[in-house]
Amino acid sequence: MVNKNFLRSTNKLFDQALEFSELSDDLATRIRVCNSTYTINFGVKLRNHIHTFTGWRSVHSEHFEPAKGGIRYDINASQEEVEALAALMTYKCAIIEVPFGGSKGALKINPRDWSKEEIEKITRRFAQELIKRDLIHPAQNVPAPDIGTGANEMAWIADEYRRIYPTDINALACVTGKPPEKGGLVGRSEATGRGVQFIIREFFRHKEDFSKAGFKGGLKNKKVIIQGFGNVGFHVGKFLQEDDDCKIISVLEHNGAIVNPNGLDVTEIKDFYSINGTFEGFSEGEFVENSSKLLCSECDILIPAATENVIDEENANNIQAKLIVEAANGPVTYEADQILNNKGVIIIPDIMANAGGVAVSYFEWIRNLRHIRFGRLEKRRNAYQFDTLISAIETMTGKEMPEKFKEQFIEGASEIDLIRSGLDDIMREAYQKTRQSQIDNNIPTLRTAAYKLALDRIAISYDSIGL
Ligand code: NAD
């Protein structure tokens, strides 16, 4: 069972940061414990039988509302896992300074066992149970996709909410990660992977940091291993390969891995995997059945993007990567973290590395509440101003500006440009403030610095309401 000890690990990592903080024990306890967890058992009639499903929605913190966090569909899900994930959401939102509390949900189900129509029926029933308890609500609790869920599930959830509250003008803001044609944001599905790319780029902007990991410079030709080839793993692999010239040398899935030391074409292997459900038979690489042993292969950057506890005290000593970027939540256990730190492996922790998803969810939520797309009001006005500026420059210099520059200026920013710009800013700032806190407080790791930053901010927020 992959989720054993996840909550214990999360709490130990939190406690480690307390050593660098002035927080009183009682306030620390108040922040650490999960506020509430609702367990829901519900029945759905499928294939002539009533099937009983179990799900959870945990609210770890409500110092800001709504509380925010994904819903995962996973047969290994448990209450303890959901509570650990909800806690990570609290810390993540504090690090990137978005005004949300932390929440998380799960349904104990293997989505591969059911058809799309059956998943829709199950999702709608699950959503009804959560909505009637205000565990899905634009002002109180806003889910998003996670493992085993995506835009479809979010669209069904939004539709259920609208049916139950047809006059709520903000109904669409009850969930994020919806398809763009159903109130979602272009760029949300790629956001977590894009955010991981942005944070890696920021790491490589700091010579002191990349030198500590044993790198000489730039991202070009860095050898990357990715575990988990779902939403997050695919996107981060694609962006690092296409935009930063990294070599994706192995991709690991639950049913085998594909390896090519010269670099894989991420889009090609995605197409192959989507059709065949396995990497076996892909001609441009070697298929390896036991994928998890490849976590310890030689590489520059290891990106676990699957699930928790995959690097533990059993394999941590054999990890050869110089840099681990936690795209997944909780991929490294507390014990493995200690081993890797002693080995000098640098880790960009989950609560910072994969925050791009909730950052863009924040933009989607705002857009749903504003009922207008980003940039709509100012786009033409900006174009007019640039046009005037170009005319003035041409009159003053007597020269014509090249057409391609003119077009770029006058076209202005599209909504996706604005989303990416906002995401880049959030990820850069999260990294910069965390590394500064690490330096200022003489903290050994980025993870502990990130936890300290989060819990100090949450403490201020509790203090300000008199707790
Ligand atoms: P997903 O379901 O789209 O993909 C997960 C992939 O990992 C699947 O293809 C699955 O087969 C594979 N996998 C599972 N166990 C594995 C194993 N032991 N070895 C190799 N592969 C394995 O899920 P996702 O949305 O990409 O989420 C992945 C991780 O990122 C999770 O930890 C999730 O909590 C985290 N995360 C996701 C988001 C988001 O926006 N989706 C945001 C923040 C964090």
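This is a predicted model: local features need pLDDT of at least 70, side-chain atom pairs count only at pLDDT 80 or more; totals for chains, interfaces and linings use all residues.

UniProt positions in this tour are given in the numbering used here, feature names are shortened, and annotations may be inferred rather than shown by experiment. Residues are numbered from 1 along each chain as its sequence is written.

**Stop 1: K104**

Select K104 first. UniProt, in an unreviewed entry, places the feature "active site" here. K104 is found in strand β5, residues 101-107. (Strands are DSSP runs of E with at least two residues, helices are DSSP runs of H or I with at least four, and both are numbered from the N terminus.)

Is K104 buried or exposed? K104 is buried, because its relative accessible area is 2%. For the cut-offs: buried means under 20% relative accessible area, exposed means over 50%, and partly exposed is in between, using a 1.4 Å probe and protein chains only.

Now show what surrounds K104. Leaving aside neighbours within four places in sequence, K104 is in contact with W56, R57, S58, G69, G70, V82, L85, A86, M89, D146 and N329. Contact here means heavy atoms within 4.5 Å.

**Stop 2**

Take T192 by itself. T192 lies in helix α6, residues 191-203. With 11% relative accessibility, T192 counts as buried. Not counting residues up to four places away in sequence, T192 touches V232, N354, G356 and G357.

Then switch to N231, which lies in helix α8, residues 231-244. N231 counts as partly exposed, because its relative accessibility is 42%.

**Stop 3: G195**

Go back to helix α6 and pick G195. G195 is buried, with a relative accessible area of 0%. If you skip residues up to four places away in sequence, G195 touches A353, G356, L423 and M427.

**Stop 4: R447**

Select R447, in helix α16, residues 446-464. R447 counts as buried, because its relative accessibility is 2%. Which residues does R447 touch, not counting residues up to four places away in sequence? They are L13, E326, V332, D337, I347, P349 and D350.

**Stop 5: some backbone details**

Zoom in on E65 and P66. A cis peptide bond joins E65 and P66, with omega at about 5 degrees. You'll find P66 in the loop between β2 (49-59) and β3 (67-68).

Hop over to N221, in the loop between α7 (207-212) and β7 (223-227). N221 has a positive phi of about 65 degrees although it is not a glycine. At 45% relative accessibility, N221 counts as partly exposed.

Then look for D245, in the loop between α8 and β8 (247-253). D245 isn't a glycine either, but has a positive phi of about 55 degrees. D245 is partly exposed, with a relative accessible area of 40%.

**Last stop: the whole chain**

Zoom out and switch to cartoon view. How many helices and strands are in the protein chain? There are 16 helices and 13 strands. Along its principal axes, the C-alpha trace spans about 75 × 55 × 55 Å.

With 467 residues, a compact globule would have a radius of gyration near 23 Å, and the protein chain agrees because it has 23 Å. (That radius is taken over C-alpha atoms, and the globule rule is 2.2 Å times the number of residues to the power 0.38.)

Color by burial, and buried residues make up 57% of the 467 residues. As for contacts between residues at least 6 apart in sequence, 69% join residues at least 24 apart.

Note on methods
Side-chain values use heavy atoms; hydrogens and water are left out.
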